[in-house]
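Visitor: Hi! Could you walk me through this one? I'm new to reading structures.
Guide: Happy to, let's bring it up.

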Amino acid sequence: MTTKWTAQKLRTAFLEYFQKNGHTIVESSSVLPHNDPTLLFVNSGMVQFKSMFLNQPCQFTGLKRAASIQRCIRAGGKHNDLEDVGFDTYHHTFFEMMGNWSFGDYGKEHAIDLAFRFLTEELRLDSSRMYVSYYVPENDGVAGLHADQETRTIWRKYLPETRILPFTAENFWEMGDTGPCGPCTEIHYDLTGTHGPEHVNTDDPACIEIWNLVFMQFYRDEQGVLSPLDALSVDTGMGMERVLGILNGTTNYGTDLFMPLFEMTGLSYDGVVLSEGEDRSMKGTAGVQQNADRITNGKDGDFSDVQRNADRIKNGKDGDFSDVQRNADRITNDKDDNYPTTRESDNSSSRSDHPKQSTNNFSDSVAQRIIADHARTIAVCLFYGVEFSSEGAGYVLRRITRRMIRVLHSKNVHDLPALVHKAAQILGTPLTDQQMAQLAHEHALFKKTLAQGVKYFNQFGTITAKEMFILKDTYGFPFDLTAQMCREKGIVVDRDELRRLVEQGVRRSKARKGARIGVKRAWAVEHARTAEFLQRDYAHFESTALFAFDEDAIVPLDELRERMKIGLVADRTCFYSEKGGQVGDTGVISFLDEHGRVVRTMSVCDTYKSGEYVVHYGVINGKAGGDCFEGDCFEGEGGCCKGEGDCCKGENDCCEEPKDGRDEGSVAKDGRGNNVKSDGKDLKKVNGSAGNDRHSKTINEQDGLRDKERDKEVKEGKESKDKEGNDTARAEKNAQALKLDMMVDLERRSKIRCNHTATHLLNHVLRTKYGSVQRGSLVADDRLRFDYTMDRKLENAEIKEIEDEVNEMIRKNAEVTVYERRYEEIRDSVVHLPDECYPEVVRIVDAGGARELCGGLHVRMLAHIRCFKIVSEGAISANTRRIIACTGERALECVSNALKIDGYVPGTCNDWEDNLGVLDRMRLLTIKQQKIKESTKMRKSRIRTYSTCTDNVVFADLAGDKKSVLKDLTAIFHNVSKKNAGVIVLARFDGVYPFVCGDVAANAEYVKRWGALHVVRVHGKLCGEIPRLDEKAFVDGFR
């Protein structure tokens, strides 16, 4: 096709214009946000510059002006355009946002001038078709906010007053509940040149927003108070697809970005009209026209009607100021992407293209727009490494893919791979064979259930929330896909009922997982955050209790009672809190009186973070022993330390000061995340060579005075509290009772260390051999669990090779070294999780060449692991597999148990079978199957031998358990009785004689005389057993 403007021409014009105006051109970042857990996808151009606005060090520090064209996805969370795609001509799940930024350099006037000149001089757009907006608060002067008259005055230089419109909430942008914020001005374009100001911000496809300019001039604190920033920053965003359509006199879809995909579908397209659906030009004009007249006369007027979008869009603080896809109210207001709306109101005039008929009958144009949009989004996601999964960004990709597959299926189009490949070519995001294979695999998975799911859906006249759950769980239909199908048939789903069922499921899931209790914000706890001391293994560690709590409220420390399950927070701790996949420590905490005597103990079953505090969760014992009550908290050897004052004698544990700086790679952190020591003494290096780099320090070298400073702060804090007049007897008693003696279960911690370091070794081997990427892990005392990317099953020989390589690294006994670097310096050379948030300075663990970013506990020497054994390997989702392994004593036990496999005796129950490596377990299974085949063959041979007997009494020597003996006995009788109906067949089994004979009175009377037991009649036969028997006398008597 031939167009006036191609996408590449527009990209070049934009970047060259801003480069000419002193801006640094910045490449688009990945669609997966870096170090930002608040977003699934990058949804605007400002995301990669967020650290700049928060005054945080980043790669752009020092930059004054920037411009970029950012690839964005809006298909989840607050900005979710998925439901609109296809039903209008200007929404997309993937789009490119052109933007320019000033970080304290230029202000409003230059920003507006740059934008206006680019549109009118570079792109030659007609300024008489433009409308612009500026911010006016609902209540002028409240909270220090006033109408943005400066912006209004600047725009008067370029446009007449009638085209400068005031709006409220949607023209004030905030990054979040706190942080930089400020007013914005939007540029709207009338595609036909016939629309008045009443069409602005009404979702009219012929009068759309194309550019948003945000002026960040305030900072909102936690109390909601606004204060002016030292320097104003500018942040703008413009939707490239919209502008490209305008330049070509068509819609977003009538350009070289989409038309080649339309042509591939073979479906008919209804042209490149500028608007679709009913004319909304007369809606709501009365009040707006009155205000338009007042604007003409230079008055602000009453903007209650002009600000009609303020009530409609209530998420003006949603963290994305450059919302060029403004339709958030219908998609996100009071709901999220997991709760689709299918009410009749959503099918009304705002979506004039929505048909109320079956899928096969909605227009080809709608189908083409959905197919083309989704093909682009899938291509970009795969290009940036998003993988299909059941959660997070991977689940959004799966939803979009399945929605596209279903539309293709309904239109009898079967070119999913070709369409996605073409979209990747158009966007310049080439896909590898492996990425295309992932798409093909996902396509095959959904095709298996698509037809059945559609059939299930079509059998209902109405769809309830229950049916939506069945479609999701059984047929793999995401909620929004089912909602789309409902909308096409005019079916209304009870959204509230759906939300209720989802919430019930979440509660049940949390109950099954044993959801933890945490510190609630409503309690207004004001204590300093917990300082963590993890550089060494303390047999005893002194600290002070701050507060305790249960599920509902703070519990006074003097009201703790036996068997009470609580979370305890102290000013400092030697317990490791769960993070990075490593489980928290367990142990015992003793409460001491003023004389240092134990008055009660607490068995700690879990340690974890809740906000700024380390929570020790467990049960109050109420006595000095520290023993757990039956059924409380946890079980097993690692439950509590046995004996007061005992020093664990494990290989890696000691209560003395380390003689060699040994800490097995552990690290101490204070409440601010700084490395600290508990006693203020200098500790030696973990690895002397690591300190040679000017940015590198071993964990034992870091700021030797921090321990003293921290202890001094804690001491001074206590002294200041004593001076505040807390001198009552009760207060003194409580203060004395707050002393704690912490005792970590060091034996358990030693096992965790071994498993954690072994996890690093396993990750290293998998990455080296197969290029696998970590997808998750769990490090416990009894096992390690590692999830990794792999699109096939590991062969037995490969599992053996992995085990051997890890064990070889253990045998070489390299020292585990720990040191620090700046994250930006090592991010490309050290293994780390791409979606994890890391601080500026990070901790690196080097275990025999396996270098990873890690904050967990590790052994000092690899030989401490002793042995590594894989006990399980299998798939957990598409392209993701899981290895479960063990180390130390348990791994050695697996090796020992493997020696018993060859001596396995069928029919026996052995405890050792539950503790074998995965390869040994498969070998045992093979031996069992082989011996079963041998036993079956022998049994059949004996049955054939005894079946030829002609005697009236047959004694059979049979092998096996009682069940198999009875089965064989019945088979022999069945064969012999064909020739001799009065025969009695007996088996010699473990000192008794099971028998089978014909159900005749003589047989029954005779066997009863011999003391037969358990005699029953089954299908015309008598069955039972005789305890003792003289075989010759039995035969003679029967004759």
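Visitor: Where does the charged end of arginine 572 sit?
Guide: In this predicted model, the charged end of arginine 572 sits over the ring of phenylalanine 533, 5.3 Å from the ring's centre.

Visitor: And what about lysine 579, which ring does its charged end sit over?
Guide: That one is the ring of tyrosine 576, and the charged end of lysine 579 is 4.1 Å from its centre.

Visitor: Okay, rings with rings now. How many aromatic pairs does the structure hold?
Guide: There are 30 aromatic pairs. Take phenylalanine 49 and tryptophan 101: their ring centres are 4.7 Å apart and the planes meet at 45 degrees, so this pair is tilted.

Visitor: Where in the chain are those two?
Guide: Phenylalanine 49 is in the loop between strand E1 (24-25) and helix H2 (50-53), while tryptophan 101 belongs to strand E5 (residues 94-102).

Visitor: Is phenylalanine 49 buried or exposed?
Guide: Phenylalanine 49 has a relative accessible area of 0%, and buried means under 20%, so it counts as buried. Tryptophan 101 is buried too, at 0% relative accessibility.

Visitor: What sort of pair do phenylalanine 118 and tryptophan 211 form?
Guide: An edge-to-face one, with 6.1 Å from centre to centre and 85 degrees between the planes. Phenylalanine 118 lies in helix H3 (residues 108-122) and tryptophan 211 in strand E10 (residues 207-220), so the pair ties together parts 93 residues apart in sequence. Both phenylalanine 118 and tryptophan 211 are buried.

Visitor: Which residues do ring pairs link into a cluster with Phe118 and Trp211?
Guide: Phe14, Tyr17 and Phe18 join Phe118 and Trp211 in that cluster.

Visitor: Switching to sheets! In what order do the strands of the open sheet come?
Guide: Its three strands run in the order E23-E24-E25, with antiparallel pairing. Strand E23 (816-822) and strand E25 (850-853) stand at the edges with a single partner strand each, so one side of each has no neighbour in the sheet. On average, neighbouring strands here are turned by 25 degrees against each other, ignoring direction.

Visitor: How many bridges pair E23 with E24?
Guide: Seven bridges, in the antiparallel sense, and strand E24 covers residues 841-847. Within E24, isoleucine 844 stands opposite tyrosine 819.

Visitor: Last one: which helix packs on the sheet?
Guide: Helix H19 (residues 746-770), which touches E23, E24 and E25. The direction of H19 makes about 110 degrees with that of E25.

Methods:
Residues numbered from 1 in each chain as written. Predicted model: local features only at pLDDT ≥ 70, side-chain atom pairs only at ≥ 80, totals over all residues. Heavy atoms only, no water. Phe/Tyr/Trp six-rings, centres within 6.5 Å; stacked < 30°, edge-to-face > 60°. Helix = DSSP H or I, 4+ residues; strand = E, 2+ residues; numbered from the N terminus. Buried < 20%, exposed > 50% of the residue type's maximum accessible area, 1.4 Å probe, protein only. Lys NZ or Arg CZ within 6 Å of the ring centre and 35° of its normal. Pairing = 2+ DSSP bridges. Axes fitted to C-alpha atoms, helices over the stretch in contact; angles between N-to-C directions. Contact = heavy atoms within 4.5 Å.
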